[in-house]
Amino acid sequence: MPTSFTVVPVDDGRKSAQEDTDENNILKEEDEEAVGDGNPRESSLFLNNTDDEKGNLYDGKNMALFEEEMDSNPMVSSLLNKLANYTNLTQGVREHEEADEDEGAKKKTVKSPQMGTFIGVYLPCLQNILGVILFLRMTWIVGTAGILESFIIVSMCCSCTMLTAISMSAIATNGVVPAGGSYYMISRSLGPEFGGAVGLCFYLGTTFAGAMYILGTIEILLTYILPSAAIFKTEDKELQAEAMLNNMRVYGTCCLTLMSLVVFVGVKYVNKLALVFLACVVLSILAIYAGVIKTIFEPPVFPVCLLGNRTLQNHDFDKCLKTDIINNVTVTTKLWSLFCKGPELNASCNEYFTLNNVTEIPGIPGLTSGVISENMWSSYGPAGMLVEKPIEAETASDTSQDIYMPYVVNDITTFFTLLVGIYFPSVTGIMAGSNRSGDLRDAQRSIPIGTILAIVTTTIIYLSCVVLFGACIEGVVLRDKFGDSVKGNLVIGTLSWPSPWVIVIGSFFSCCGAGLQSLTGAPRLLQAIARDGIVPFLEVFGHGKANGEPTWALLLTGLICESGILIASLDAVAPILSMFFLMCYLFVNLACALQTLLRTPNWRPRFKYYHWALSFLGMSLCLALMFISSWYYALVAMLIAGCIYKYIEYRGAEKEWGDGIRGLSLNAARYALIRLEEAPPHTKNWRPQLLVLLNLDTELSVKHPRLLSFTTQLKAGKGLTIVGSVLEGTYLTKETEAKTAEQNIKSAMTAEKTKGFCHVVASSNLRDGISHLIQSAGLGGMKHNSVLMAWPASWKQSNDPQSWKSFIETIRETTAANQALLVAKNIDTFPQKERLTEGTIDVWWIVHDGGLLMLLPFLLRQHKVWRKCKMRIFTVAQMDDNSIQMKKDLQMFLYHLRLNAEVEVVEMHESDISAFTYEKTLVMEQRSQMLKQMQLSRTEREREAQLIHDRNTASHSALNDKADATPERVHMTWTKEKYFTERNRNREAIANMAVRDLFNMKPKQSNVRCMHTAVKLNEVVVCKSQDAHLVLLNMPGPPKNREGDENYMEFLEVMMEGLNRVLLVRGGGQEVITIYS
């Protein structure tokens, strides 16, 4: 239908509408603060909807000609504005900064993030990847390992990060990644245990990275900028290295304190300097490439002085000459005085100095000099090895004084794996983009593109630097770690243009910036882990200042960073942080591989260029690099991660994040169940898989909790345990009670440390419910093969015969299902946690039903409660049996079973049935007959009442039908009093007859024989095992004729009379123990 619209001007209402909007925003922010729990929130689906802002974008008419291009190409002013606002900090840091600025003032409306790929991901990754190792150690790695092996090192490390970046891109594009970065991705993909372990490893790696950057800063300061600022100085060459380490410790601690104060006071200062630090990195790289190009035309002049083939430290002399001619007079130089005992020409000099000449070679021969062929191969060696050029030289017989001479030597022992560990930190930093996911306009697009482009860029830079350094710089200079041969200049600085100071100053500020960013990011990562609540002892670090600044986390970070600074060696700290970063990358690859292989429905990454094989390759490469770098550091890192994992699993808060490990568990369980279904378990693998039938009281609490204790002792945490119970009624009416009962049973299982599953069934009656549990409990191949229940101790006192009838039917059903049955008498007296110091477990082996009687004591003695109890086995010999031979055979059988037990054969001779047995049988049958009479009387009374009701109803109906008719004859009717008098007279006659029958009855011969067996067996068992901690007895089967069920209960009662703890055992019809291995 047509709709008409009316446009109404509302100019006067703008102000009020704006005020309402502001008030709503303020209220919204206050609500978010009130419900804040410290966990990262997922953004709205329409967070990036900025259509309202586009209306004002082109209000100006000056640039109307470029209107269409502005959607894809920003204006120069906009680009410069973004560069001015560039920051390498995460969203949480910027929020804290804004909170500092706005404290006490009205809060601003939170704007949607506006960073793109270049500013938000590419540049931060570039800045984090290119750092201290490139400037301070890259030339030394190339000179020591050679171009080929350096190329391999760089390729391995960059391949590792590239594969990790592919996996990370898949995870980051699988839904919205809130601010939290790598920790959020790993924890939500692999679960709280792995997330906490890897998150803490990543935190430790970031913290040690801060220590490494601070040590790099101090090394640049004391070695290349202000060598005179050293506090500890010595002329003794042997102590110079130790003095330098002490200087690093003092200055490093001061630098750490200063940086921590800057971070504590306000991260906005770090934020403002981010562009300066980035500019330092970019300018330094450009200066290196410019210097390489310049060497083609005009190599820089950095001469290197060689004595024979040995490189000299060019600090204390200005001319590379032994003697010099001044005014036609030959005089000795400063170099002469370093090797001779005086300035005289005839002074005693070092033998090697006398035999070899001094030569001067260019330190930077240039790109076209052909020096690349000399630098192609490695030159590893021990600490103290002289840095020599591969040319011919005279050798001296006495080399003991070489350590005191001004030669360039190796400060540490070098080998391939060491260089891998030192170099790897130079490729870390690929998480910078994902850590800033909350700041990005489109994180799912920017993170993969920006990260992969940054890795490609840095890989090209590193590989080209390996080749260019080897092609431009003399080998002895490359192997000179601290530039002693080029007058103490930074080696990479000698190559740069226009001046070495460009690299020195640039690398100094770059290291400062990287250290500040590590000290800024690490505490917030620890705060995020603490606020997640998965590691209880870290909860204190989730608190901070009023604006959320992680004060306590910063303090802990500073202490850990100080431990790295006290190591004082950049080469020793680098492998440590390599371990933690490699472990983090390993689990990123594992997360992607698991999600891909499990094909979980929620795994739908927008980034499509991933594969589980690539993730596994990346994971394998990470693991290999860990052990290549340092196998003992790798083991320590894995041990730390393992301890954190187990701690979170044991004590941590339970979190359900839909992680991949849970999906892996489900798939593994499904696969295992299908495999178990293929064939029944072999005798060697048989163990009791228990269905424990519990009784509940009126409050739905467990009536016999020690039945669970006994289950724990019998299982020792192994195998399947299903704890079941039955509620009478329908599930619709008993739903609440069933859930309450299940919760109570689980609480009891936790208290008794019983590991298993709980199953509460609502059924119309107890008998059917137990039958359902026996038939349907378990799943597939993981079904119970044994049933454990308590002996119905009050079966005689109960007016309801269903209690013991249900018990006997349970025995019949377990037998029909080929399941073993364990019935515990006096279960409330069984030990719970107290250890039995001595005593015995007595087994009465009367019939062989699969060997379960032998196996149960062995399993019990594996638990600490029964461990010190001895096992005794009794068997019964008849008249025709050779008891001595039986004992020998039984001992041999136990020997083959590898069971330690005392053996005793008890002889039970045939004897006449005693009067006691006869009388006990008679009393049993009389009691049974009386109960039947009482039951019959109750049934008759119910039937008579129903009959009277039916007759009265029929008579009233007949009278109503014939109300108008004239009766043809008169009927005699019974009065109520007359009826009751006649009924009582008949009852008395019947009762008198029943009493006479009871006194005149004789017991059945079969019952007398069964009672005789029970009495005689009980006498023997009580005699031998009355003081035993536990007695295990064969349980005879119930009679086939159900009329004798009550007598069967009496036989069992007599058999166990006088014994404290009894376990009746009935086998399931299969062998459960074997003599074979």
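This is a predicted model: local features need pLDDT of at least 70, side-chain atom pairs count only at pLDDT 80 or more; totals for chains, interfaces and linings use all residues.
Residues are numbered from 1 along each chain as its sequence is written, and side-chain values use heavy atoms, with hydrogens and water left out. Local features need pLDDT of at least 70 and side-chain atom pairs count only at pLDDT 80 or more, while totals for chains, interfaces and linings use all residues.

Helices (H or I, at least four residues) and strands (E, at least two) are DSSP runs, numbered from the N terminus. Two strands pair if DSSP finds at least two bridges between them. Three strands form an open sheet in the order 2-1-5, with antiparallel pairing. Strands 2 (310-311) and 5 (358-362) are at the edges with a single partner strand each, so one side of each has no neighbour in the sheet. Strand 1 (residues 303-307) is joined to strand 5 by five bridges, and Val 304 stands opposite Ile 361 in strand 5.

Asn 818, which follows helix 27, has a positive phi near 55°.

A nonpolar core is a set of buried Ala, Val, Leu, Ile, Met, Phe, Trp, Tyr and Cys residues joined through side-chain atoms within 4.5 Å.

| Core | Size | Residues include |
|---|---|---|
| Largest | 164 residues | Met 212, Tyr 423, Phe 587 |
| Second, separate | 54 residues | Leu 690, Ala 820, Leu 852 |

Technical notes:
Buried means under 20% relative accessible area, exposed over 50%, partly exposed in between (1.4 Å probe, protein chains only).
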